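This briefing concerns a contact between two chains and a ligand site. The sequence and structure come first, followed by the points grouped by topic.

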Amino acid sequence: MYSEKVMDHFMNPRNVGEIENASGVGTVGNAKCGDIMKVYLQIEDGIIKDAKFKTFGCGAAVATSSMATELVIGKTIEEALKITNKSVAEALDGLPPVKMHCSLLAEESLHAALWDYAKKNNITIEGLKEPVADVHDHDHHDHDHEEGSGCC
Amino acid sequence: MYSEKVMDHFMNPRNVGEIENASGVGTVGNAKCGDIMKVYLQIEDGIIKDAKFKTFGCGAAVATSSMATELVIGKTIEEALKITNKSVAEALDGLPPVKMHCSLLAEESLHAALWDYAKKNNITIEGLKEPVADVHDHDHHDHDHEEGSGCC
Amino acid sequence: MNKIYLDNAATTPVRKEVVEAMLPYFTESFGNPSSVYQIAQMNKKALDESRETIAKYIGSQTNEIFFTSGGSEADNWAIKGIAEAHKNKGNHIITTKIEHHAVLHTCEYLEKHGYEVTYLDVDDNGLVSPEAVEAAIKDTTILISIMYANNEIGTIMPIKEIGAVAKAHKIPFHTDAVQAVGQVRIDVKDQNIDLLSLSGHKINGPKGMGVLFIKRGLKLENLIHGGGQERGRRAGTENVPGIVGLAKAMELTYTDFDAKIEKMTKLRDKLIKGLLESIPYCKLNGHPTKRLANNANIGVEYVEGESLLLLLDMNGIAASSGSACTSGSLDPSHVLLALGIPHEKAHGSIRFTLGVQNTEEEIDVVLEKMPAIVQRMRDMSPLWEE
Amino acid sequence: MNKIYLDNAATTPVRKEVVEAMLPYFTESFGNPSSVYQIAQMNKKALDESRETIAKYIGSQTNEIFFTSGGSEADNWAIKGIAEAHKNKGNHIITTKIEHHAVLHTCEYLEKHGYEVTYLDVDDNGLVSPEAVEAAIKDTTILISIMYANNEIGTIMPIKEIGAVAKAHKIPFHTDAVQAVGQVRIDVKDQNIDLLSLSGHKINGPKGMGVLFIKRGLKLENLIHGGGQERGRRAGTENVPGIVGLAKAMELTYTDFDAKIEKMTKLRDKLIKGLLESIPYCKLNGHPTKRLANNANIGVEYVEGESLLLLLDMNGIAASSGSACTSGSLDPSHVLLALGIPHEKAHGSIRFTLGVQNTEEEIDVVLEKMPAIVQRMRDMSPLWEE
Ligand SMILES: Cc1ncc(COP(=O)(O)O)c(C=O)c1O
Ligand SMILES: Cc1ncc(COP(=O)(O)O)c(C=O)c1O
Ligand code: FES
Ligand code: FES
């Protein structure tokens, strides 16, 4: 089901943990599946120096958290804003269609942490919208129902 | 499907043929399945001395013809009248449910031959009714539909 | 005495390679493909690859292949599924008089539920014309279901042309290709097919395995509701060994295809010619040329089919018949009757259907034995007079 | 590393003896049981004997056993078949909130077609009471369908008592016994059951094989129309190897039955006790005693099910979960929610289901590994605080 890269990031997640006195913290949950992701950013001179996460969620949620934090470290805020759920998924060699929504969590919690940073520092970040606490997956019903039905 | 005895009488049918100047001849067909049975009886002093048949029909039709002629030879007319499709089937160690109607052909063609004999000799045989040319199987729809659907 | 099996239209032996392909999925790789863990993922992969193989041989997309428990389920699903999903558009279905019971009885069932069904006549050879199909179309027509090739007489329908008619009128077109698969090359796109049924056990694959091809985007109600298998369209834990076996059978069937068909056609023609020459009052049922390479259906007058089958069986030859006497219903084959063959003649039809395993020697044995067997039966018949 | 397979409620490996019993029917004895000739008659015999075997183990008559392509088809057939055949008497169906999707989605389908369905609540342990069933009965009730044992939490329903209620009201009673067969002794007569579904692959038999028991005389519309197989009630060439395999699996399952169940119960209880003792914030889902001998369903707080499954898998342990994340639907298990377990806790449920092949050593490994795996996940969770 998952690519090797996803499994690697799931088994050996990078950047798990918390950052004390982080520049920005964002927590986002998916109302539907109930998963929650929390991202901590350390930002200095407009550059993301460090990122950590805590995630309660599925394999894809853990792997995308791990990958998103990896991708964001060292980037400017502007560059960080360009990270989308699709680019995280691509960096993981793809996700199964039903699991694309999990990568949204990563994108949104990153944005939420940046929003928190902006608020704390009283700045506006161009192109950043106020995050919502709950992520909905709008195009979930566009693709066919996928295999898999939990308990058989 | 068929018992060994049915198969024996089918493979080696007894009394196939015709009797010239028979005392009685009966032909009966099953309108539904289209099979036809013709029985020839040689009757002397109220005793059935010989019986022969010709049959166009299924395995059960051939076997019951064979068995019915076997059973009837040597019997008095009264005894012969007691031969029913059930007793013929029993003598053959049974028939599959869907094939019980075939044994009716044997019973009816025997009766038809006796009727013919009675008519020719201007006598009445107690308990013998005028035969119908076509045998219908009244209780066919009573039992479940059986396996088998011809060409698959 | 070695049995000569000439009833391959009824069912076929599973090929050794197919059994071998299936075996690991019983005991080793047995996981439920819907599960998360690794041992199940291997099964998921086998399933995906099987779907691809089958798609390839009928010219469809992989995600247009849905596994069923056989040809009958596929036929039921296609017809009831369209009837229900499209009932807002109409209630009229077009089919033929010579479909398999899986189609006919499903249509009869729908007639009891407010649907109207046109059962098209066929000509003496069992053909239905695209024009006749077109003429039957009404505003309310929501489905055309016409078999690719007939199971009794082997006649092959002008499917591509009928499909074109359906397409022009934007009516979903289903074809029961249970007998055609493995005997003809199928390309659902080129042949304008929207739904196609096939069955594993007719192509030396497993029994209880079939496929319904459903063109992407076509609305179809489910037949078996429940779990999310088959992308939510057919519930039930996937029969992984069966699916793998079916895919293997498809692959083998279409390997060296042309040579196999050529050989089979030759044997078939030898058989037909030999029987017609050596047995009087005997004719070929079905189309002389537009027929399946494996089908020889011979009408033998003054002979009853079941008895003939039994005698052939005693002589080591397995065949089948459209005789009423071999069926539970007492009615002779609806297919032969639809060709205009009278009741008593339909009685004496015998169907030989070849398989990959048959040899010329076997055909020689049949040709040698049949005349005497027929004569023996005729001698016993009250209808026969020399 | 040897895999520890603890997902036997999802599916089971086919036993060697079962595969061996099936094998001859693929290649040697492959004939169509509906045919007249000898090689087919052997198959007919195998079919009859298999039917007898299955009848014996559920206490039915041989002619009350009908083969299907699995549990889902059997459930669909029973429910739709009764709904349609009895619609002149009413349109109301009683079932529970914790049925398998094969029952639930079939009922939902019927709701779209004018039927009314009562989905009974269950208590904290997943039980439905005969009184609740009786209270739900209306003049229009035509079917009661209640599962024998639940597939997720293993709770065993008071089937005999519910059956008695149904009988007293002369309402057909169907039970989905897919999980119960092989775990409990079934006697349809004694237990007042009119229709019962079972599935081969849950008892170390073949996938794609099931049975619907239909009490003699009960009116039921067909689900799959067509040929005259299964005495005219279920069309499709019989899957003879599958049928033979299913019968063999039934026989093996009920051989040394009591000893096997005793052993399994012991392992199950050891597993449950061990997990509850070594992992904080953890509880047993389902009934403490009225539960299947093979089922241990544990709710683990602050842990997400799919991740837990994946980590277990990496540690060589295959299990399953009621977590939303393992399903395509995003909703966590409807069964756990029906027990009143809140959304976020339903998330962290894990189901271990034992099979005949499991050993005590395997349970020891799970008990050894689980606490660390759970701790690792909790450490990563934003919800967890020591
Ligand atoms: C309780 C229950 N009913 C029905 C089914 C469906 O059975 P099958 O997969 O054979 O269609 C299952 C398992 O999948 C089940 O656990
Ligand atoms: C033309 C045709 N359609 C449908 C079927 C039914 O297929 P199955 O036996 O796999 O259900 C058959 C054969 O049995 C057939 O010949
Ligand atoms: S006599 Fe017609 S089927 Fe036997
Ligand atoms: S984050 Fe909820 S399913 Fe993946």
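How many residues of chain A are in contact with chain D, and how many of chain D with chain A? Contact joins 33 residues of chain A to 36 residues of chain D, where contact means heavy atoms within 4.5 Å. The model is predicted, so that local features need pLDDT of at least 70 and side-chain atom pairs count only at pLDDT 80 or more, while totals for chains, interfaces and linings use all residues. Residues are numbered from 1 along each chain as its sequence is written, chains are lettered from A and ligands numbered from 1 in the order in which they are written, and side-chain values use heavy atoms, with hydrogens and water left out.

**Interface of chain A and chain D**

- About 2,700 Å² is buried between chain A and chain D, and 65% of it lies on carbon and sulfur atoms; buried area is the accessible area (1.4 Å probe) that two parts lose on being put together, summed over both.
- One salt bridge is found across this interface, a salt bridge being a side-chain nitrogen of Lys or Arg within 4 Å of a carboxyl oxygen of Asp or Glu.
- Lys99(A) and Glu306(D) form a salt bridge through their side chains, at 2.6 Å from N to O.
- On the side of chain A that touches chain D, the residues comprise 18 nonpolar, 10 polar and five charged, where Ala, Val, Leu, Ile, Met, Phe, Trp, Tyr, Cys and Pro count as nonpolar, Asp, Glu, Lys and Arg as charged, and the others, Gly among them, as polar.

**Site of ligand 2**

- The site is shared between chains, because residues from chains B, C and D surround ligand 2.
- Of the 16 residues around ligand 2, those that come nearest include Ser72(C), Ser199(C) and Lys202(C); a residue is near a molecule if one of its heavy atoms lies within 4 Å of it.
- Asp176(C) places a polar side-chain atom 2.6 Å from a nitrogen atom of ligand 2.
- Oxygen atoms of ligand 2 lie 2.8 Å from a polar side-chain atom of Gln179(C) and 2.5 Å from a side-chain N or O atom of Thr237(D).
- The shell around ligand 2 holds three nonpolar, 10 polar and three charged residues.

Note on methods: Polar contact = N/O pair within 3.5 Å; in protein donor to acceptor, adjacent residues only side chain to side chain.
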